[in-house]
Amino acid sequence: MEIPNLSFSPWVIPAAAGIYGLIHSVMASLPFKRLVNRIFGEMANRYYRLFYSVFAILTLLPVLALTFLIPDQRLYTIPSPWVAFTVLVQLLSLALLAYSVMKTGAMQFVGISQAFGLAGKERLYTGGLYRVVRHPLYTFSLLFIWLTPVMTRNLALLYAALTVYILIGAIFEERKLSQMFGKDYQHYRARTPFIIPFIL
């Protein structure tokens, strides 16, 4: 079955990604979580993280779909033999991304532990790859997307929007972590690079 093209401007893609980022930044903020807790009580503590994770995935799908439905054009293709290197780095990035999630608690990260009442008290994890950068999940996510072997205009617009969202989201996340962990996080932030290793 042929997929219909949408006669929209490609700038709809970063606009949609921006709306996505705004909604999820608000939902991840402490004031919004406190509001949800006041309304739903203990149920919010147990199920909010899982709901947030599922909601984030489902609402990202329409944004991704726009990159295929809006007419596109190729910008470049990474040539051989360099493409083998970039794909290897992509695979390594995925592996390190998974490793970072596992080290911080994969089940708690997506909210399954909370939903089943198995989550412990939130702790500040600074070991493993978190000694190299404060946000390895973002570092390896950005590496993975920008090393896409075939780059199109629509993908470039999407990736640029997601990069801005990730950087802004990381700043707000750091404010939240500072509120949660106080001086411990401030000391950690002072000695550990943000997203790029060796650059404070």
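**Thr152**

I started at Thr152, which counts as buried at 14% relative accessibility (buried is under 20% relative accessible area, exposed over 50%, partly exposed in between, with a 1.4 Å probe and protein chains only). Thr152 sits in strand 2, residues 150–152. I take helices (H or I, at least four residues) and strands (E, at least two) as DSSP runs numbered from the N terminus.

What does Thr152 touch, leaving aside its neighbours within four places in sequence? I found Asp72, Gln73, Arg74 and Leu75 in contact with Thr152, contact meaning heavy atoms within 4.5 Å.

**Ground rules**

This is a predicted model, so I note that local features need pLDDT of at least 70 and side-chain atom pairs count only at pLDDT 80 or more, while totals for chains, interfaces and linings use all residues. Residues are numbered from 1 along each chain as its sequence is written, and side-chain values use heavy atoms, with hydrogens and water left out.

**The chain as a whole**

I counted nine helices and two strands. Along the sequence they run α-α-α-β-α-α-α-α-β-α-α. The C-alpha atoms fill a box of roughly 50 × 40 × 25 Å along the principal axes. Of the 200 residues, 36% count as buried. I also looked at contacts between residues at least 6 apart in sequence: 78% of them join residues at least 24 apart.

**Helix 3**

Next I went to helix 3, residues 42–69. Its 28 residues reach 42 Å from first C-alpha to last, close to the 40 Å expected at 1.5 Å a residue; the expected span is 1.5 Å times one less than the number of residues.

Where does helix 3 bend? I find a bend of about 45° at Tyr48, the angle being taken between axes fitted to the seven residues ending there and the seven starting there.

Tyr48 is also one of the buried residues of helix 3, listed with Ala44, Tyr52, Ser53, Ala56, Val63, Leu66 and Thr67. For background, an α-helix has 3.6 residues a turn, so residues three or four places apart point the same way. The cover over the buried residues of helix 3 includes helix 1 (12–28), helix 2 (30–40), helix 5 (106–110) and helix 8 (153–181).

**Helix 3 against helix 8**

I followed up helix 8 from that list. Helix 3 and helix 8 pack at about 150°, axes 9 Å apart. Axes here are lines fitted to C-alpha atoms, for helices over the stretch in contact, and angles run from 0 to 180 degrees between N-to-C directions. The pair is therefore roughly antiparallel (under 35 degrees is roughly parallel, over 145 roughly antiparallel, 65 to 115 roughly perpendicular, the rest oblique).

From helix 3, Tyr52, Val63, Leu64, Leu66 and Thr67 meet Asn154, Leu158 and Tyr165 of helix 8.

The 29 residues of helix 8 should span 42 Å at 1.5 Å a residue, and the end C-alpha atoms are 41 Å apart, which agrees. Just past helix 8, Gly182 has a positive phi of about 60°.

How do the axes of helix 7 and helix 8 cross? I get roughly 175°, with the axes coming within 11 Å, helix 7 being residues 136–146. These two are therefore roughly antiparallel as well. Tyr138, Leu142, Ile145 and Trp146 make the contact from helix 7, and Ala156, Tyr159, Ala160, Thr163, Ile166, Ala170 and Glu173 from helix 8.

I zoomed in on Thr163 of helix 8. Thr163 counts as buried at 17% relative accessibility. Not counting residues up to four places away, Thr163 touches Leu142, Ile145 and Trp146.

Most residues other than glycine have a negative phi, and most peptide bonds are trans. Which bond is cis here? I noted the one joining Ser80 and Pro81, with omega about 5°. Pro81 is in the loop between strand 1 (74–77) and helix 4 (82–103).

Phe198 has a positive phi, near 70°, and is not a glycine. I place Phe198 in the segment after helix 9 (183–191). Phe198 is exposed, at 80% relative accessible area.

**Last look**

Lys183 lies in helix 9 and is exposed, with a relative accessible area of 64%. From Lys183 to Pro197 I get 22 Å, C-alpha to C-alpha, for 14 residues in sequence.
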